[in-house]
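Please keep the sequence and the model in view while reading.

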Amino acid sequence: MILGILASSQPAAAGDYESIATVTVGSGGSSSINFSSIASDWTHLQLRIIANVSTTDAINIRFNGDTANNYALHRLEGNGSAASASASTTRNNIAILTGAGFASTASTFGASIVDILDYTSTNKAKTTRALSGSDRNGSGGIELDSGLWFATPAAITSINLYPSSGTISQYSHFALYGIKSA
Amino acid sequence: MPTTYEPIATTTLGSTAATVSFTSISGSYTDLILIVSGTVNTNSYFALRLNSDTGNNYSNTEMDGNGTSASSNRNSSNNYMYNGSIFTTQTNVINQIQNYSNSTTYKTVLTRSNNAGSIVKASVGLWRSTSAITSIECSTAGANTFSSGSTFTLYGIKAA
């Protein structure tokens, strides 16, 4: 597991869109990525990811270490031939970069942008949206996901990302940003 | 204090143009975002070419909805990255170019294009090169032209 390096030791960034922490996976890969001790200084969070895994599995997201079946999602995806929709109402994570699959080619990485809205609310279940894709010159896919974490509402203070099997490959890059509101 | 999300360059066309380019892009950022708002003379694919690479090193997988149905298509081994579509009526094309300056991975571009009268589209494009991206050329399939007034803005995002 790799822990995100918090930027709190650096001068605060100006503006309303701030870098919180970044992880670049090193040699040997990593079984998971963890952003912890996330402050409540922002209104929304955004994850910007390029990643590859050693298998063809998705990357899964959990909040606050919750491993129970408190997650759901809807997905619209295209595989280059047809578009399809799917849903899962009770699961133990939110998956991104799924049916699109990951690259078997070492240099080809999938990309994903995940927005986590109103993450500090203690009144609302947490909703995510993601745009993800991996093209491999003849294969791959593109997907739009809406995820839900419907456990008893709590502010999100940690985010864990992990593949269902295998490891996250070297050079994968995970950056967490905070977005402020007025 | 550093700025995390900042504009790098903006072009507003004063007349029609077949291409719009951003050159000498520094490696100062982590990600790039290219936002295009405009129209063309003929409905077209929106096309990107990176670092003036004219080889067949681009591909993409896309998905769109046209108000009636959803579909998915793919373009492989092209000499342009056909990410998104642009129309004769107002269209926006938002391109996310992540980790553009690394020299170890191929470059993946996520694109959303929106035209209220025609389609919404999501696309992922691949440039099979490990070179850092230093220039971006915007054009259309079929060498159509962007209309006067179309805007092209390139932003940079810095990570911690």
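B:Asn60 has B:Asn75, in strand 6 of chain B, as its bridge partner. In the same strand 6 of chain B, B:Arg74 stands opposite B:Thr61. Strands here are DSSP runs (E, at least two residues), numbered from the N terminus, and two strands pair if DSSP finds at least two bridges between them. The model is predicted: local features need pLDDT of at least 70 and side-chain atom pairs count only at pLDDT 80 or more, whereas totals for chains, interfaces and linings use all residues. Residues are numbered from 1 along each chain as its sequence is written, and chains are lettered from A, with ligands numbered from 1, in the order in which they are written.

Strand 5 of chain B (residues 58–65) pairs with strand 6 of chain B in the antiparallel sense over seven bridges. These two strands form a hairpin with four residues between them, and B:Gly67 in the turn has a positive phi of about 95 degrees. Strand 5 of chain B also pairs with strand 10 of chain B (residues 120–127), in the antiparallel sense over eight bridges; there, B:Trp127 is the bridge partner of B:Tyr58. Seven of the eight residues of strand 5 of chain B are buried, that is, 20 or more other C-beta atoms, placed from the backbone, lie within 10 Å of their own.

## The sheet of chain B

In chain B, eight strands form an open sheet with antiparallel pairing, in the order 1-12-3-8-9-10-5-6. Strand 1 (5–12) and strand 6 (70–78) of chain B are the edge strands, each pairing on one side only.

## Contact between the chains

Contact joins 43 residues of chain A with 38 residues of chain B; two residues are in contact if their C-beta atoms, placed from the backbone, lie within 7 Å. On the side of chain A that touches chain B, strand 3 of chain A gives the largest share, six residues.

## Confidence in chain A

The predictor's confidence in each residue is the pLDDT, from 0 to 100. Chain A has a mean pLDDT of 89, and 88% of its residues reach 70 or more. Over residues 5–13 of chain A the pLDDT is below 50.

Methods: A residue is buried if 20 or more other C-beta atoms lie within 10 Å of its own, exposed if 12 or fewer, and partly exposed in between; C-beta atoms are placed from the backbone.
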